[in-house]
Structures are given as C-alpha cells and as structure tokens.
Amino acid sequence: MKNEFQVIADLIEKDKKVLDVGCADGTLMKFLKKNKNINIRGLEISKEKVQECIAKGLTVIEGNAEKDLKQFPDKSFDYVVLSQTLQAFLNPELVLDELLRVGKKAIVTIPNFGYWKVRFHLLFKGTMPITKTLPDEWYNTPNLHMCTIKDFFHFVKSKDIKIFKSLALNNLNTSIISESNLGVKNLFADLGIFLIEK
Amino acid sequence: MNTEKNIKTLIVKKPLKLDCGKTIKDFPIAYETYGSLNSKKDNAILVFHALTGDQFVTGINPVTNKEGWWSYTVGPDKAIDTNKYFVICSNVIGGCMGSYGPSHKDSDQKIFGTNFPVITINDMVNAQYNLLDHFGIDKLFSITGGSMGGMQVLQFISNFPNKSKTVIPIATTSSHSAQNIAFNELGRQAITADSNWKDGNYTSNETNPGKGLAVARMAAHITYLSKKGLQEKFGRKLQEREDLKFGFDADFQIESYLRYQGSVFVDRFDANSYLYITRAMDYFDLAKQFKGNLSEAFINTRAKFFIISFTSDWLYPTQENKDIVIALNSIGADVGFVEIVSDKGHDSFLLDVPDFLNALKNFLDKSYEEN
C-alpha cells in the first residue's frame with residue numbers, strides 16, 4: 001500500500017464510520033476495514049473499479065461525487081476521505097463543501113503543483129509537468145483544477161474551514177505543514193494531506 | 001394448467017389476511033429447492049420470481065421441459081452456487097404453477113377465475129414467509145430476485161427486517177411507474193378482449209383466451225429488450241423469404257419471433273394469473289406504505305443491500321434502482337450499487353451477462369465468508 005494511504009489510515013481512529021470518495025480498487029478501504037475495524041463505504045465512478053471492490057467484499061456505490069454525495073445525510077460519517085481527486089472535479093469547491101457536510105471530518109489529499117520537480121519541468125522543459133503523482137499528458141489528464149499546497153491552505157482558511165492537521169509527503173517522508181514553513185513545504189512536498197472540519 | 005406430479009407443495013394452515021381485506025387459509029404454496037441446507041441453517045437463499053416465472057429456477061422445468069428461468073445464474077459453481085447455498089423458490093400466490101391462484105377451485109369446487117381475491121406483492125411475500133417456518137430457518141443468508149422478484153425482495157425485508165443477512169434487488173423499482181402500469185394494462189386488455197376469456201370463466205386449455213394472452217406476452221416481451229438489442233438481432237431481416245410478400249404474414253424475423261414467443265407462452269401460463277400478477281405489480285408502491293418516505297420501509301433492518309441495474313433496461317431503469325439506493329443511504333444503511341453495461345435490456349438479469357454474474361457471485365461469496 002502506498003505511503004499516502006498509510007498516513008491517511010494513521011489519521012483515523014479505530015471503529016469509526018468512513019466514506020472513501022473515489023475509492024478506486026478499494027485498497028485503502030480494505031486496509032481500514034481489516035486493520036482498524038472501520039465501517040467503510042466507497043463511492044466510485046468507474047464500473048471496473050466497482051467490480052474490483054465487490055470482489056474484495058467491500059460495500060461500494062457506483063456514482064459520481066459531484067452528483068451523488070447529496071444523498072448522504074449531514075455528518076453521517078466520522079471521516080470522508082478524498083485522495084488526489086479534488087482537482088479532477090468540475091467544481092472542486094462544491095465537492096469540498098459536500099465532503100464537509102457529509103463527514104464530521106474530511107481527509108483531503110492534493111498532488112502539489114508547487115513541488116520543485118513540477119516547477120523545474122515547466123521552467124526548463126517548457127512543457128506540462130509529468131511526475132510520479134501527475135503521470136498524465138496535458139491532453140489526457142483527468143485534472144482540471146491543479147493547485148499547490150499553498151493554494152489549498154489559503155483556500156480552506158478563506159472558507160473558515162478548520163485545519164486539524166496538514167502533512168507534507170515527499171516519498172516516504174512525512175512532515176507537518178504550518179503557516180511558517182508553508183513556502184518550504186510547498187516546494188519540497190509532492191503531496192499534501194489535510195485533515196479538516198467545518 | 002399444471003401437472004400436479006413433480007410439484008412440491010406446502011399447505012399453509014395459518015390464515016393470511018390479504019390487503020384486499022379477505023382472509024385465506026389452508027392454501028397451497030408450490031416450491032422447489034436446490035442444494036442442501038447446512039446444519040447451522042445459515043446458507044439459505046430465498047429467490048423470488050418475476051411476472052411469468054415459477055419455482056423451477058434452474059435445470060429442466062419438469063412441467064414445461066424447458067430450462068429454468070434463472071439457469072444462467074443458479075446452479076453448481078454458478079453465481080448462486082448450489083454447492084454452497086440452499087436455494088428456495090416458490091410460485092407466487094395468484095400464479096399458475098401450483099400455488100393458490102385463479103385456476104384453483106373454491107369451496108364449491110368451482111374454478112375461481114376472477115372470483116379469486118386480488119392479491120398484492122405484500123400478500124405474496126407474507127404467504128412465502130411460511131416457507132421459513134417449514135424449513136426451520138431462523139434467518140436467511142440472502143433474498144434476491146429481478147423485476148417483480150426485486151419488488152418482493154424489497155417488500156420482504158421491509159416486512160421481516162431481521163430475516164435476511166443480505167438483500168439483492170435486481171433491475172427493479174420501489175413503485176410501479178405510469179409507463180409500467182400502461183404496458184400491463186395493454187396486456188390485460190388484450191386478454192379480456194379475447195372472446196374466449198368469458199369474464200374469466202374459461203374452464204379448459206382448449207377454450208382459454210390464448211390469442212389475447214399471446215398478444216399480451218408479445219407486447220410485454222418488447223419491453224424486456226432494448227432497441228439496440230432488437231436491431232442487432234433482427235434488424236429488418238426477412239423470415240425465410242427472399243422478398244416482401246405484400247401481405248400480413250410474418251415477413252420480418254422480429255414478427256415471427258414475437259409470434260413464437262406468444263404461442264409458447266400460452267402453453268405454460270394461465271390468462272387469469274396474468275391479470276392477477278400484473279395487477280399486483282401495478283399496486284406496488286412501497287413508499288406509499290410508509291407515507292411517501294421509502295427510507296422508512298428499511299429503517300428497522302441491519303441487512304446488507306446490494307442493488308444491481310442494467311444500462312439498457314428502460315422498463316426499470318437505473319434511476320429507479322438508484323432511488324432505492326438513495327433511500328437506503330439516507331438512513332445510513334449498508335448498501336452497494338452497480339450498474340451493469342448490457343445491450344440486452346430488462347432481460348439482462350436472466351441472460352448470460354458476465355459482469356452481472358460476477359458481481360452477484362462475488363457479493364454473495366464474500367458476504368458469506370464474513371458470516
């Protein structure tokens with residue numbers, strides 16, 4: 001399992017109720033169910049991935065976060081997880097609002113467009129950056145609204161969303177992001193992980 | 001209509017009060033089982049059949065000598081694996097494969113016909129519930145069925161919230177739409193317009209309203225298929241002829257196909273049963289039973305739901321299946337959902353659709369492992 005999922009799992013206490021939005025093949029779900037006795041649900045847009053989840057015995061609903069989150073009642077999950085998908089929605093702000101409505105807390109991870117390799121790529125190669133966390137070409141990427149850790153940090157602050165924890169990930173290293181080190185983390189982390197609440 | 005041998009019957013002694021107000025007792029429920037019940041009695045799956053189905057789910061139906069209606073799905077090593085699970089299916093009341101229905105005789109030894117009480121989906125599941133006592137099963141492992149079978153699944157878990165661990169409604173709805181009712185009415189009108197129907201008082205196979213029933217079946221059959229599926233299978237292909245004949249014979253293969261479907265249906269189905277069962281479907285509105293709030297129907301169950309729809313099903317489209325998912329999510333129920341890609345229309349749940357069969361098998365087997 002990738003380090004990102006390990007960090008997310010560490011943020012969630014045992015026996016909680018969790019919704020994994022865009023749960024893909026259910027790797028994180030399975031881990032949480034098995035190791036933390038989490039009552040876990042998934043929402044996934046890809047039919048193939050939904051089938052993979054069913055084959056793992058996971059409860060998943062085929063659906064689109066932009067349309068289908070509204071069916072869940074307010075604060076019906078302890079945590080709602082959204083891993084590296086916010087930037088792929090037509091309206092990320094609306095999805096973020098929905099995550100925080102449905103979940104008591106939300107865990108959102110962001111591929112960081114401020115990461116030095118991304119900046120280098122654009123600066124020196126002059127083409128759209130391709131990195132481990134951003135593997136697609138400009139013409140086939142699902143990403144519509146790329147942002148940096150700094151962007152997201154300022155965005156949630158402006159919406160009066162409470163940040164419980166913000167973590168910077170660079171390969172296997174995890175460190176805490178704060179207002180004072182934001183510039184550095186924004187340069188050296190390729191992924192940001194935020195535990196937030198509204 | 002049926003040959004009595006080969007049909008297993010449970011006589012329900014307990015009176016059953018029907019939604020229409022009448023009470024029935026000492027009535028037969030015809031059933032069939034596949035696989036074997038384990039010692040813990042925790043491997044039973046109750047399957048509910050659709051409008052024209054019966055208790056003979058799989059293998060050769062001993063009455064019609066044709067493959068059972070869910071042969072692709074149920075059997076050894078199949079999606080519903082009878083090596084593992086004990087499958088029970090019974091003919092709905094109002095039906096014509098041995099369960100109490102309009103072709104039965106009343107206390108004066110006169111065939112009921114339309115004097116049979118109007119039954120509902122609720123009545124059907126309340127009658128079938130007696131099978132649990134009969135087999136000494138405290139809790140089913142699963143209940144499943146497609147189309148009208150799915151309606152029974154929803155009604156069953158609403159009536160008996162603790163009686164099944166898992167619940168799998170397939171290609172169904174919680175409320176019959178105007179379009180659904182319209183198609184059923186078309187079928188009923190075809191039957192009652194047949195001069196042999198005689199207000200339901202026909203008495204033998206020779207004088208039954210076969211023509212009307214065949215038309216009803218033909219119209220319904222179209223609703224079970226998709227436009228694309230029909231076009232791919234038949235297109236404008238001609239039936240055993242080089243050119244159009246400028247007459248009203250079956251020039252096109254699709255005409256011949258429908259005529260055949262109508263004619264074989266008449267041999268195995270009772271016209272009055274068709275009236276009764278379509279009526280039961282039309283009356284089905286689960287939300288209405290709970291003052292318009294569908295979620296309330298499931299508020300007392302802890303069962304795990306898995307809902308399946310098909311892309312090309314326009315009779316019970318994905319949205320109607322999703323409405324059930326939404327109602328369950330709004331009360332925090334354990335519900336999974338998948339829409340299967342298929343060109344085979346509503347009939348997809350009866351056919352060899354690998355994505356459907358895999359999803360069903362995986363859900364059942366994984367849920368059973370967690371048992």
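A: In chain B, residues 24 or more positions apart account for 70% of the contacts with a separation of 6 or more; two residues are in contact if their C-beta atoms, placed from the backbone, lie within 7 Å. Please keep in mind that this is a predicted model, in which local features need pLDDT of at least 70 and side-chain atom pairs count only at pLDDT 80 or more, while totals for chains, interfaces and linings use all residues. Residues are numbered from 1 along each chain as its sequence is written, and chains are lettered from A and ligands numbered from 1 in the order in which they are written.

Chain B holds ten helices and twelve strands. Both kinds of element are DSSP runs numbered from the N terminus, helices being H or I over at least four residues and strands being E over at least two. With a radius of gyration of 20 Å, close to the 21 Å that the globule rule gives for 371 residues, chain B is as compact as a globular protein of that length; the radius is taken over C-alpha atoms, and the rule is 2.2 Å times the number of residues to the power 0.38. Along the principal axes, the C-alpha atoms of chain B fill a box of roughly 65 × 50 × 40 Å. Of its 371 residues, 49% count as buried. Here buried means that 20 or more other C-beta atoms lie within 10 Å of a residue's own, exposed means 12 or fewer, and partly exposed is in between, with C-beta atoms placed from the backbone.

B:Pro209 sits in the loop between helix 4 and helix 5 (210-224) of chain B. B:Pro209 is buried, with 25 other C-beta atoms within 10 Å. Leaving aside neighbours within four places in sequence, B:Pro209 is in contact with B:Ile191, B:Asp194, B:Asn196, B:Trp197, B:Tyr202 and B:Ala271. B:Thr120, by contrast, is 89 residues away from B:Pro209 in sequence and 24 Å away in space, C-alpha to C-alpha.

Now for two backbone details. B:Ala171 has a phi near 40°, a positive value in a residue other than glycine. You will find B:Ala171 in the loop between strand 10 (164-170) and helix 4 (178-192) of chain B, where B:Ala171 is buried, with 31 other C-beta atoms within 10 Å. B:Lys41 also is not a glycine, and has a positive phi of about 55°. The loop that holds B:Lys41 lies between strand 4 (27-34) and strand 5 (44-47) of chain B. B:Lys41 is partly exposed, with 16 other C-beta atoms within 10 Å.

That leaves the partner. The contact between the chains takes 14 residues from chain A and 21 residues from chain B. On the chain A side, the elements that give two or more residues are helix 3 (47-55) and strand 3 (59-62) of chain A. Helix 3 of chain A gives the most to this side, with five residues. By class, the side of chain A that touches chain B has seven nonpolar, five polar and two charged residues.

Technical notes: Nonpolar A, V, L, I, M, F, W, Y, C, P; charged D, E, K, R; others polar.
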